[in-house]
Amino acid sequence: NVTAGNGNTPATTTATVAASPGGDGCLRGDWQLVTMDYVSTFAACLPATTQRFENASTAADPMSIQSQAQKAALNASVVGVDTVERLVSNLLTDVFTARYVLVVGIIISTLVAYALLMLLEKNAFRFNAAVLTGAFCVAGFLAMALSAATFISLDTFDFFVINNLDKRLTTAALVYTVVPVLGCGVAAVAALIVVYAVVWRKSLGTAAVFLDQASAVLADTRLLLHIPGLTLLPLVTVIAYTGIVAIYASAFASDRDRGEPEAGWRAVYRGACLLHLAIAAWATLIIVLVVRCLVSVHVCAWYWAREPRGPKLVDVTLWWSLKRVFRYHLGSLLLLAVLMPVLYPARLLRRFLCLLLATSPSSTSWLLACRPGAVCQIALHGVSLRKAAFGAHQLKRRNADIVGQCLGVSWGALAAGSVFTIGVTVTAVVFMLHAFLPDDVYLAIVPALVAAAAAAVINAVFFTAYTEAIDSILQCFCEDLERNDGSALRPYYMPAGLRQMVLERIRVPPD
């Protein structure tokens, strides 16, 4: 017999419900309260702890038989309420309970991302040193905190992660298994940062030059002011849509007034949730690609204008680039947003097979060509998605030495900045939960993951312009090298500092 509720509205499963826990409804047994969701419990009638079994073998342990009987009775009792739908409802409740802590976490992530942006704008070398050191320290701390119980005699959940879930429930068993694995994943991120800093240490200066050049471009085109505001509102709209859908779908699935949904309705609910998540992910990708195309239009106009560039960029306004993107390039960007997530698993498999078989990737492979780098070719040449994808892919393959030391290292520094922002935000949120809501939140991992997602979005708002600016500068630079030779008849368009850095450190031009 089971009764369940959320503290306000009682609910029942298909099992018979006693008048009240502890009453006469549980004959020859004990009522045991089991933590389930919200601030409530459900009461399960289990075999009494003092009950003896007349058919027990004399060699068997009566208490062992007793515990097995209790476990079997509990499993039979919770079958109607220990569901995925109820789990989602509980997770959303934890997020609602920690809403003020999350607001503070969002403010912290915004301040951290803005501080990193200002540091990058002033000095890219110091930015690289700060984000690499900070990202490694924060990731290492989170990895030790999450995986402590696996390696040393320390209760991870009391030390770092609030976990008030009942261990007899499926959810709790899953959490106790996943959290150490999550810590190992964070440890892998910290290890990657160390490998990146060691392997590419000689190229960090090149990355700093590229990042400084991107800062100069974004400052000349005034995109550092426009892009964050232009990106924030659409992304917040998508997040709000996703949250509203999740709340109403969860309420429908765990509607206690109508009892537990039938199996068919559960399938409808889960399918609808997956569909809405796919729509939200597609919309987010479209926003990112449109913003990247806007940045690429400005960067290409800046690059292919000879010095002095400032007066020649007066007519390249944000409104002009918006009209151009939506009038000529939106169809290609929409198709790219559909193909990228669909082809991504196949591309990973293709790269793994090439690595395993020690073969070179094909320059005509659509799987390898359909990537965000096509946005620059779309903005520069106004070609179709197919031509743009293969153009960017083959251009980077022909200039693999420059791409490897400039693009990869620069993106690695920006990725380390994202790890640092997310790590600081998650650490702050978890400590605030311990300080202010230790008994009100059932699982601190859930608000922490929401804070991490919010920090990632905020970091993307501030640094998406840099990501595309670096890629566009690099592609324009490679095309400039292939079209021109630096002579009086065909002089380079590239800035003098960038030309000196690349041609002296990476590629020596032919005589």
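**Note on salt bridges and a surface patch**

1. At 47% relative accessibility, Val 198 counts as partly exposed, because that label covers values between 20% and 50%. Val 198 is found in helix α6. The structure discussed here is a predicted model.

2. Val 198 belongs to a nonpolar patch on the surface, together with Phe 136, Val 194, Val 195, Val 199 and Trp 200. The accessible area of these residues together is about 500 Å².

3. The next points turn to charged side chains. Side chains of opposite charge can pair when their charged atoms come close. With a nitrogen of Lys or Arg within 4 Å of a carboxyl oxygen of Asp or Glu as the criterion, the count in this model comes to six salt bridges.

4. One of the salt bridges joins Arg 292 and Asp 471, with the closest N and O atoms 3.7 Å apart. Arg 292 lies in helix α9 (residues 263–303) and Asp 471 in helix α15 (residues 445–483), so this pair ties together parts of the chain that are 179 residues apart in sequence. Are the two residues buried or exposed? Arg 292 counts as buried at 8% relative accessibility, and Asp 471 counts as buried at 0%. The cut-off behind that label is under 20%.

5. Arg 292 and Asp 471 are also part of a network of salt bridges, in which they are linked with Lys 396 and Glu 468.

6. Glu 482 forms a salt bridge with Arg 398, and here the closest N and O atoms are 2.9 Å apart. This pair, too, links distant parts of the chain: Glu 482 is in helix α15 and Arg 398 in helix α13 (residues 385–398), 84 residues apart. Glu 482 has a relative accessible area of 39% and is therefore partly exposed.

7. A further salt bridge is formed by the side chains of Glu 479 and Arg 483, at 2.8 Å from N to O. How are these two residues placed in helix α15? Glu 479 and Arg 483 are four residues apart in that helix, so about one helical turn separates them. Glu 479 is buried, with a relative accessible area of 9%, whereas Arg 483 is partly exposed, at 41%.

8. On helix α15, then, the points above place Asp 471, paired with a residue of helix α9, Glu 482, paired with a residue of helix α13, and the pair Glu 479 and Arg 483 within the helix.

Notes: Residues numbered from 1 in each chain as written. Predicted model: local features only at pLDDT ≥ 70, side-chain atom pairs only at ≥ 80, totals over all residues. Heavy atoms only, no water. Patch = residues over 30% accessible without salt bridge, like charges linked within 9 Å, V, L, I, M, F, W, Y side chains within 5 Å. Areas by Shrake-Rupley, 256 points an atom, 1.4 Å probe, with all protein chains shown as cover. Buried < 20%, exposed > 50% of the residue type's maximum accessible area, 1.4 Å probe, protein only.
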